[in-house]
Structure formats: C-alpha cells, structure tokens
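Let's take a walk through this structure together. Have a look at the fold first, and then we'll go through it piece by piece.

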Amino acid sequence: MASLSRSSLPLTLALLGLAACAPSTAPSGPGTPAPARESQTAAPMPDSRVGLKAGMWDAGEAAWNLRVLSETRPSEKFLGSTNSDLAFTGHYAIQGSYNGWQIWDIADPSKPTLVAGYVCPASQSDVSVYKNLLFISGEGLGGRLDCGTEGVPDTVSAERLRGLRIFDISDIRNPKNVGNVQTCRGSHTHTVLVDPHDTDNVYVYISGSARVRSQSELAGCSGSAPDEDPNSALFRIEVIKVPLAHPEQAAIVSSPRIFNDLVAPPKHGAAREDIAAADSARAHGAFVADVFGEPYILPPQFVEPLLDTLVKRRGGTGAPTAADSSTLRAALPGMIAKMIGAPAGGGPRPGPTQCHDITVYAAIGLAGGACEGYGFLIDISDPAHPARVDAVSDSNFSYWHSASFNNDGSKVLFSDEWGGGGQPKCRPTDEREWGADAIFTIADRTMHFRSYYKLPAPQTPEENCVAHNGSLIPIPGRDVMVQAWYQGGISVFDWTDAAHPVEIAYFDRGPIDSTRMVGGGSWSAYWYNGVIVSSEIARGLDVFELTPGALLSQNEIDAAKTVHLDYFNTQGQPKFVWPATFALARAYVDQLARSQGLDNGRVTAVRASLAGAEHASGAERDAALTKLAAELDADAAGAGDRAKVRLLASAVRNLAGGAGGPAQVSR
C-alpha cells in the first residue's frame with residue numbers, strides 16, 4: 001500500500017438496505033447419491049454487505065458461503081500498528097506489520113496463539129519464508145539495522161536499513177538476524193524464487209518504490225535519469241542471491257532493466273464525483289494539484305510546510321498571507337511536474353521506473369510483474385537475469401498490483417490498487433472498470449485481455465475498498481481465488497471462464513469509522529491448508545473456512561483440502577497437483593452436474609458407481625473403478641464437457657491404480 005491518499009471526498013451514498021446472509025446448503029459428502037440442488041446460484045440480494053454498522057471491534061459483519069473460525073486481535077505491542085502481508089510455514093502464519101512481525105500458531109485455526117512478536121519498525125515489513133529463513137522487506141526512512149524503535153533522525157545514516165532483512169527461524173520463537181542487504185530504493189515488497197536447478201541458493205527479487213537514497217548513505221545510488229547516469233537506480237529491479245548455507249553472504253547479483261522503451265500509459269481522468277469534490281474544495285480555498293491528469297486535494301501536512309517555507313523565505317513570521325498562498329498556487333504545477341517526473345522538453349512521459357510486486361511461477365518459467373502503469377510477463381528461466389517478454393497497459397487501471405496465475409498457467413489476473421490503497425473505489429457511482437481486477441489469457445507468452453472482476457457490493461466513501469492480495473484456492477478443475485479488498489472485505493470468485501468471472505463467497509465488516517476514512521480491512525487473504533487466513537490491517541488475524549453452496553460443493557472443498565503446502569509465499573506461486581481420492585472424483589462429478597456437462601442419468605449412475613467402489617476393497621474396488629473409468633472414456637465422446645469427463649475418467653483410473661497419497665506441489 002502506498003502512502004499517498006486523497007482527502008476524504010464528500011459524497012452521499014444511498015445505501016441499499018440491510019439483508020440477511022444467504023442460507024447454507026446441504027453438502028454432498030461421501031456416499032451421497034446426489035448433491036442438494038440450490039436455488040441460490042448468485043449472491044443474496046439485497047447484498048448483505050451494504051449498510052453494515054461501523055466500529056473498531058463491534059462493526060457489523062456479513063458472510064456468504066464463508067464461516068468465521070476465529071477473529072484474533074493484535075498483541076499489545078502491535079495494537080494500533082498497520083498489519084501487512086502474510087507468509088506461512090508448517091502450522092505457523094507470519095504476519096508482517098509496520099511495527100515488525102508476529103508469528104501465529106494456527107494448528108487450531110479456531111484459536112490462533114501468538115508464538116512470537118518481533119518488534120522491528122519499518123514499512124511495510126512484507127514477509128516470505130523458505131526452510132529456516134525468514135525474509136522481511138524494509139523501505140521506510142525510520143527502519144534501523146538494530147530494529148530499534150527510536151527511528152533514524154539523520155538524513156544520512158549508517159544505522160538505517162532500507163532493503164531486505166534475513167532471519168534464521170530454526171527456533172521460531174527466537175528469530176535471529178543473520179543478514180541484511182541494503183538497496184537504493186528499499187524494499188516495498190520482495191519475491192522469493194526457488195530455482196529447481198539451484199538447490200543451494202534462493203533468489204529474491206526486490207521491488208523498491210521509494211525515492212533513491214543518497215550516495216552518501218549507500219555508495220552507487222543514483223536517482224538521475226539513465227541517459228544522464230547509466231548506473232541510475234531507476235528503471236530497474238534488484239536480484240539478490242541468498243546462499244542457503246550462508247545467508248550472511250546474500251548480495252545483489254544483478255539489476256535488470258526490465259522497463260526499457262516504455263512510455264507512460266494513457267489515463268482516463270477523474271470520476272465525476274472526484275472532479276466535483278476538487279472544484280468544491282478549490283472554491284473553499286483548498287490547494288488542488290493536477291497529478292497525471294486527475295485533481296488531488298492536497299492535505300494540510302503537504303501544504304503547511306510549503307507555506308511556512310515561503311514565510312521564512314521572505315523573512316516573515318507568523319501565519320502565511322494571501323500573497324504566500326498565491327505564490328504557492330502559481331508554483332504548484334511546476335512542483336508537481338518535477339515530483340512525477342514530467343519531461344522538461346515535453347513529449348511522452350517515461351514509463352514505470354519500478355515494480356510494486358512480482359509474482360513468480362517457477363513451474364511455467366514466468367513471472368507476472370505489477371509495475372506502476374503496466375502489467376509484465378517476465379521470463380525467469382534464468383533466475384538471476386529475468387527478462388520482460390510482454391507488457392500491457394490499460395487506461396482503466398491506476399496502479400498495477402499483485403499478479404496471480406491460474407494453475408495451468410494459461411491465464412493471469414492483475415489487481416488495481418487504486419489510489420495506492422487509500423481511496424474508496426466501490427462507491428455506487430464508480431465505474432465498474434475502475435479499481436477492478438483485469439483477467440488475461442496467455443498464448444505464446446503474450447497476454448490477451450478478457451474481462452474485469454470487481455467486488456460487486458457498493459461501499460461507503462469512508463471505506464477504502466481497494467483490490468489487494470489474494471491466492472488461488474486448489475479447487476480441482478476450476479480457477480477459484482480468494483482476494484482481499486481492504487474495507488470491501490474478502491471476495492472468493494471463479495474465473496474459470498475468463499470472460500465471465502463470478503463471485504461465489506464473501507465476508508465483510510463495516511467501516512472502522514462512519515464519518516471519516518480510517519485505514520482498515522483485509523490486507524491479504526490466502527488459502528493455506530484448508531482455511532482462509534486474512535491479515536486485518538487494524539483488527540488482527542481472521543481465519544475462515546469455505547462452506548458448501550450451489551456454486552461450490554463439499555466434495556470440491558474436500559478435494560481442495562487434500563493439497564498440502566509445507567510453506568507458502570503468495571509471490572512464489574506453487575503448482576497444485578491433487579492426489580487420487582474419492583473427493584477428487586466426486587468434485588468433478590459435481591462440476592459436471594452443475595454445468596450439465598454430462599447427462600443427468602449418467603451423473604446419477606456415476607455417483608452410484610463411485611459409492612459402490614468406495615465401499616468395496618482390494619481387487620473388487622479396483623475392478624469397479626477400472627470399469628467405471630472405461631465407461632467414462634466412452635461417455636466423453638458425447639458429453640457436453642468432454643475435457644471434464646476425461647479428467648474424471650483419469651481421476652477414477654488413478655484411484656483404481658492406488659495412486660493416492662499426499663498431494664504434490666511444484667514450484
């Protein structure tokens with residue numbers, strides 16, 4: 001989440017009224033001849049998320065097809081600090097915070113317990129794990145090498161940490177700092193790449209979005225344009241190589257310039273409400289700046305120091321005069337142009353100078369880079385030298401964020417972190433294409449736009465409903481993911497049909513304050529070994545489980561739970577492989593029944609055959625399953641969904657062959 005936020009905009013929201021949650025549905029468990037059919041194939045209307053009561057600890061809540069297992073407040077030292085991203089190892093969830101990080105034991109997801117709270121202020125403390133190593137991002141000017149809480153007051157200081165912290169968590173209750181790597185722009189986020197061909201090292205891609213630090217603080221750091229200084233720290237990412245046996249030797253091994261030859265993407269301009277709010281603010285004396293073609297109401301903390309400087313510059317004292325204000329208004333366009341890098345001689349502005357984050361999918365040799373005004377496809381076959389292979393822009397996008405691939409790597413989804421996370425973008429009058437996810441199919445290493453997905457519930461102007469971090473849920477045969485939307489809550493949606501994504505579950509809380517914007521909501525929501533874990537920016541840690549409904553059966557949930565991860569970093573996407581189980585076969589049958597991809601009579605017969613085989617054993621079971629697989633092979637030719645019937649036949653055949661066992665995960 002970036003730090004720039006627009007002032008709260010006056011807007012009257014016509015709330016649509018309260019509604020009850022949708023009823024849960026009957027599961028179709030093992031041996032059940034047919035799943036219960038539901039009439040509720042869409043979210044309940046009116047939407048139960050609209051009109052929720054505001055409050056820090058007593059906000060109203062709404063859920064559909066999700067059940068809350070636990071809501072755990074931050075520990076005392078982290079109360080009031082901004083919680084950030086999550087990483088997982090074993091039965092632990094590691095939660096980043098602007099004040100450090102907390103390690104939760106979630107073996108019992110209904111009762112998470114705090115294992116360690118490590119105070120180490122920095123922004124934004126994104127976290128990743130691999131084996132015994134924990135990686136922490138640091139970007140803020142106040143981050144200290146010694147993790148002290150006193151900050152770094154000096155402009156140039158050898159005590160400052162901006163980059164990557166490395167901790168040994170062999171004793172998870174007592175993490176030990178074993179290395180740091182300083183970078184010119186700090187580390188807003190980072191990505192751990194595990195190269196299957198290099199088991200001695202991991203590679204960490206650093207995405208730093210802060211201003212370049214002084215060369216006096218870190219040698220070699222230059223913020224000049226590349227044509228002025230070919231060693232500029234702009235327009236590049238950093239690749240750190242970490243020897244697993246000697247993490248203290250971690251170092252930058254390359255700084256690829258993956259942004260070459262791009263210009264600033266087109267913009268669509270501001271929303272009507274934002275223009276009206278800016279006009280009103282301007283009429284009342286506020287300072288309004290044009291930033292990339294959109295009006296921004298400048299907050300007092302930005303304006304007041306500038307006015308004070310003008311007063312001092314003319315040798316005055318006291319409050320600024322009308323003349324001071326006029327001087328500042330005249331100077332603002334030039335100041336803003338310099339801040340955003342407008343070219344002095346006109347012409348197109350340059351494209352992005354950094355990525356917000358990069359998601360690596362080693363199984364397909366590609367990464368998705370969310371890089372300011374562009375989404376990148378990046379070849380990572382040589383981990384130390386990633387190379388851009390495609391780039392897309394979209395005038396409907398504000399700030400590209402967090403890519404997610406589907407499991408077979410044929411699609412990629414990018415989120416739009418509108419306003420850096422600080423703006424409402426789910427107001428009833430906001431365009432559906434603004435602040436949405438964009439879904440692309442991938443062919444020949446190029447991206448092809450298919451559709452947008454946006455949280456369907458309108459939110460108030462005091463809720464920073466912004467698309468943020470999520471992950472795939474291993475539902476076999478479908479592309480389903482869970483995603484955080486800050487104070488828009490959590491949305492689970494199906495994007496199997498890239499042109500028609502549809503929501504299938506949600507959870508939401510009311511805003512923290514009904515009268516003003518207060519940051520809160522879900523920073524990240526990830527599936528991990530059977531549950532959904534959410535990092536609540538202000539309220540702590542939430543854990544959920546999916547409940548069955550018309551759009552997701554118990555068998556599909558059970559099949560998802562057979563995929564076990566030893567660890568999980570959202571920007572290091574694993575490839576799911578499902579073990580042979582009856583739940584897997586039944587999940588496919590449920591999907592064929594839902595889509596009518598197989599004749600109803602055959603669906604009933606297949607359910608009966610699976611139930612019979614499950615109650616058999618040994619050779620009798622194998623014979624029944626082999627016979628069923630052969631029948632399904634024959635069914636495929638005339639089925640409405642031949643591919644899914646063949647998947648089912650393969651799953652049944654694997655059951656007959658005794659190919660069950662622990663799921664495999666490729667990285």
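Over residues 1-39, though, the pLDDT is below 50. Where pLDDT is low, the predicted coordinates should not be read in detail.

This is a predicted model, in which local features need pLDDT of at least 70 and side-chain atom pairs count only at pLDDT 80 or more, while totals for chains, interfaces and linings use all residues. Residues are numbered from 1 along each chain as its sequence is written, and side-chain values use heavy atoms, with hydrogens and water left out.

Now find helix α1, residues 272-283 (helices are DSSP runs of H or I, at least four residues; strands are runs of E, at least two; both are numbered from the N terminus). Its buried residues are Glu273, Asp274, Ala277, Ala278 and Ala281 (buried means under 20% relative accessible area, exposed over 50%, partly exposed in between, with a 1.4 Å probe and protein chains only). Seen down the axis of α1, these buried residues fall within an arc of 130 degrees, so they line one face of the helix (the arc is that of the directions from the helix axis to the C-beta atoms). They pack against β15 (288-291) and β16 (294-297). On the face turned away from the buried side sit the exposed Arg272 and Ala283. Just after α1, Gly285 has a positive phi of about 95 degrees.

Further along, there's an open sheet of four strands, ordered β17-β18-β19-β20 with antiparallel pairing (two strands pair if DSSP finds at least two bridges between them). β17 (357-361) and β20 (387-392) are the edge strands, each pairing on one side only. Between β17 and β18 (residues 366-371) there are five bridges, and Val360 has Ala367 in β18 as its bridge partner.

Conventions. The expected span of a helix is 1.5 Å times one less than its number of residues. Contact means heavy atoms within 4.5 Å. pLDDT is the predictor's confidence in each residue, from 0 to 100.
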